[in-house]
Amino acid sequence: MTSDELANNGWVRAQQDGAVLTVTLDRPDQLNAQTPATWSTLARIGASLDDAVRVVVVRGAGRSFSAGLDRGLFSPEPGVPGGLGDLGRRPTAEAEDRIREYQEGFRWLRRPGIVSVAAVQGHAIGAGCQLALACDLRILTDDASLRLPEATLGLVPDLTGTSTLVELVGYSRALEICLTGRAVKATEAHAIGLANLVVPAAELDGAVADLIAALTAVPVNASRATAELVRSAVRNDFPTQDAAERAAQVLRLQELAAS
């Protein structure tokens, strides 16, 4: 892919290898800073996902996962497409619709049928942190740090980050992380549940490969049904979740008996 093609695709590359799709932010000279084109490309990847894909790995090229928004988007001028000044001058419904489109680039990473894994090195700031949070699982290098500085800039996290952060670390800790905008380093991220695993930078690729192997070793229908149960357990009450387990297990038993 040429540099012009990468720019047109928001500096995002996607490569499928059997049941694994690897999505790479490929703008290392700008620490994988994101633009609206990035989010549109991510949304298109999600919308066209091959049914055979079981695991989606999200990565950043170079020394950082993603340092967040491209600096040009912070311009107060109305002439910057997708910029904060441009959004702020649009009618309310139109601006909200535009942000909804951006969110589609993140939310599909929790869709049924796949398990998404963020492989995070270096900085994951703002939109970069929210992209990591959008994934089901996170492997961090020991030099990684996560940060949501939006409130300190007079903004709010708006790329699906708040719901997943509260789900992972609880209300009070999520509130403190969002309002202070402080960096959560890898060791703390692991301790509070933001990271599933922390490894030296040289071991990141191997750790991701090991996790992919473990995830894809499970029979596909059982894997997808179990993942859906775990996701629904976050919001279901006990009777609803118990019923979901019963229904899923009967279906599994019926399929096994038929085979």
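Predicted model: local features only at pLDDT ≥ 70, side-chain atom pairs only at ≥ 80, totals over all residues.
Strands of a sheet pair through backbone hydrogen bonds, in either a parallel or an antiparallel way. Here, three strands in the order S5-S7-S8 form an open sheet with mixed pairing. Its edges are strand S5 (123–125) and strand S8 (183–185), each of which pairs on one side only, and neighbouring strands of this sheet are turned against each other by 20° on average, direction ignored. Strand S7, covering residues 145–147, runs antiparallel to S8 and is joined to S8 by three bridges; within S8, Ala183 is the bridge partner of Arg147. Helix H5, made of residues 127–134, lies across S5 and S7 and runs at about 95° to S5.

**The cavities**

| Cavity | Volume | Lining residues by class |
|---|---|---|
| Largest cavity | About 60 Å³ | five nonpolar, two polar, two charged |
| Second largest cavity | About 30 Å³ | six nonpolar, no polar, one charged |

The largest cavity is lined by Arg54, Val55, Gly113, Ile114, Val115, Leu215, Ser223, Arg224 and Ala227, and helix H10 (residues 220–233) gives the most to this lining, with three residues. The second largest cavity is lined by Cys129, Leu146, Arg147, Leu148, Leu165, Ile177 and Leu194. Arg147, listed in that lining, is also the residue whose bridge partner in S8 is Ala183.

Methods: Residues numbered from 1 in each chain as written. Heavy atoms only, no water. Pairing = 2+ DSSP bridges. Helix = DSSP H or I, 4+ residues; strand = E, 2+ residues; numbered from the N terminus. Axes fitted to C-alpha atoms, helices over the stretch in contact; angles between N-to-C directions. Contact = heavy atoms within 4.5 Å. 1 Å grid on protein atoms, 1.4 Å probe; cavity = no way out; pocket = protein on both sides within 12 Å on 5 of 7 lines; lining within 4 Å. Points joined across faces, edges and corners; volume = space filled by probe spheres on them. Nonpolar A, V, L, I, M, F, W, Y, C, P; charged D, E, K, R; others polar.
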